Amino acid sequence: MLLYENLYSEGCVFYARTAQPQTIMHLETNSNVYGSTINPYNRNLTSGGSTGGESALLGLRGSILDIGGDIGGSIRCPAAHVGIYGFKYVDLRHDYAPLWDDELFPSRPSNKVISSMGLRGFMAGKEAIMSSVGPMCLDREGLELFMRVALTAKPWHLDPSVIPKTWTSYKFDCPLKIAVQWWDGVVQPHPPMARALREVTDACRKAGMTVVDWDCVPLNHAKGWDITAGLYWPDGGKDVLDLLAQSGEPVLPLTKFIIEQQPAVKNLSQPELWKLCAERDEYRAAYARVWTATSTDDGREVDVILCPPNFGAATPHDQSRYWGYTSNWNLLDYPAAVFPVTVVDPEKDPKEKMYTPKNEQDRFVFEMYAPRNLLMPR
């Protein structure tokens, strides 16, 4: 892989190949080869996925910097599950001339800068939803170090999908304007995740930042998931399921969940795929319009959306069945970073016994929450 070659030439020492899940499309890390990768702080919980082998290694401090891939949360989810830093950059390759206008939508995401040339996977050539490559590390400085070194190699000379762009540390000339996504309009976050949001929001206000709410209900994240799931598997999962059948490998429950149990996953004809890609582009444009409209009251757009990286803390094994808190940013192709805030505290984070779930997904997530099962001595 070109990125690895460039990092090696800069002095990186590669010494371990960590585990990934079957199909590399779980928010956990389990396979018929290696079994389940466990959370280093609580063996009853997952370390996340699909880059959960690396998050477990980092959580144990067996490494200081690793590389992950992210098509639905595979950097951010495992980073959050073990309390480290992660960064997903963008992978936008498409021409949005009919939909995007630089003056109307100045907050749109930029183009691809991290090379994924040489990355292996199924459905080679699929561009409906792209995976991006990024760092996972123990501190914020490691994220910037990775980006600076990766771009110093000028990968655009060998990878034509990468634009020529050097890494520039951004300097803010005024306090940030932060939009807080308290929930995604589908599933309510568990109490410790909600508390983490409140703690960071309070810290932002104390630092002089402007804080506003980000309302996901009219943005319809449920529709976003239907588009995303359909674009993950435009062949209905045939390519990967055929490979598993040829080898005789059993299909794991989370593989069945992400392919066979998603109503939006179908073997699409070419016109049907075009139509779904058009829906993706319309969804991105609608989101950009809402972002731009945040400048209506004070002339300033929000700089960043603060949101949960998952519905809760690390998940019990085989229970990572809601992707919405990470996958929607892949659909939008926005950059996203994860940083550690706190851990579960049963005294501060009791279960809300009188809560009425809003839908079946919300019920599944709500019933999963048991704070004493999520403890992580650190």
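## The three-strand sheet

Let's start with the open sheet made of three strands, ordered β9-β8-β10 with parallel pairing. Strands here are DSSP E runs of at least two residues, helices are H or I runs of at least four, and both are numbered from the N terminus. Two strands count as paired if DSSP finds at least two bridges between them. As background, strands of a sheet pair through backbone hydrogen bonds, either parallel or antiparallel.

At the edges stand β9 and β10 (304-306), each with a single partner strand, so one side of each is left without a neighbour in the sheet. From one strand to the next, the twist averages 35°. Strand β8 (residues 177-180) pairs with β10 in the parallel sense over three bridges, and Ala179 has Ile305 as its bridge partner in β10.

## What you are looking at

This is a predicted model, where local features need pLDDT of at least 70 and side-chain atom pairs count only at pLDDT 80 or more, while totals for chains, interfaces and linings use all residues. Residues are numbered from 1 along each chain as its sequence is written, and side-chain values use heavy atoms, with hydrogens and water left out.

## The four-strand sheet

There is also an open sheet of four strands, and this one has antiparallel pairing in the order β5-β7-β6-β11. Its edges are β5 (65-70) and β11, each with a single partner strand, so one side of each is left without a neighbour in the sheet. The twist averages 20° from one strand to the next.

Now walk across it. β5 and β7 (residues 132-137) run antiparallel and are joined by six bridges; Asp66 stands opposite Met136, and Leu65 has Cys137 as its bridge partner in β7. Two bridges join β6 (residues 85-88) to β7. On that side, Gly86 has Met136 as its bridge partner, while Tyr85 stands opposite Cys137. Three bridges then take you from β6 to β11, where Phe87 stands opposite Ala337.

What about β7 itself: buried or exposed? Six of the six residues of β7 are buried, so this strand is largely enclosed by the rest of the structure. (Buried means under 20% relative accessible area, exposed means over 50%, and partly exposed is in between, using a 1.4 Å probe and protein chains only.)

## Two crossing helices

Helices α9 and α10 (residues 324-332) have axes that come within 9 Å and cross at roughly 100°. That makes α9 roughly perpendicular to α10. An axis is a line fitted to C-alpha atoms, for helices over the stretch in contact, and angles run from 0 to 180 degrees between N-to-C directions. Angles of 65 to 115 degrees count as roughly perpendicular, under 35 as roughly parallel, over 145 as roughly antiparallel and the rest as oblique.

Which residues do the touching? From α9, Arg280, Tyr283, Arg284 and Tyr287 meet Asn328, Trp329, Asn330, Leu331 and Leu332 in α10; contact means heavy atoms within 4.5 Å.

## Aromatic pairs

A search of the whole structure turns up 16 aromatic pairs. Rings of Phe, Tyr and Trp (its six-membered ring) pair if their centres lie within 6.5 Å; planes under 30 degrees apart are stacked, over 60 edge-to-face and the rest tilted. Take Trp214 and Trp291: their ring centres are 5.9 Å apart with planes at 65°, so the pair is edge-to-face. This pair links distant parts of the chain, 77 residues apart, with Trp214 in the loop between β9 (210-213) and α6 (221-232) and Trp291 in helix α9 (residues 270-292). Trp214 and Trp291 are buried. These two also belong to one aromatic cluster with Tyr283, Tyr287, Trp329 and Tyr334.

Another pair is Tyr355 and Phe366, with ring centres 5.3 Å apart and planes at 50°, so it is tilted. Tyr355 is in the loop between β11 (336-338) and α11 (360-368), and Phe366 is in helix α11, eleven residues apart. Tyr355 and Phe366 are buried.

## Charges over rings

The ring of Phe366 also has the charged end of Lys351 sitting over it, 4.6 Å from its centre. Likewise, the charged end of Lys358 sits over the ring of Trp183, 5.3 Å from its centre. To count, NZ of Lys or CZ of Arg must be within 6 Å of the ring centre and within 35 degrees of the ring normal.
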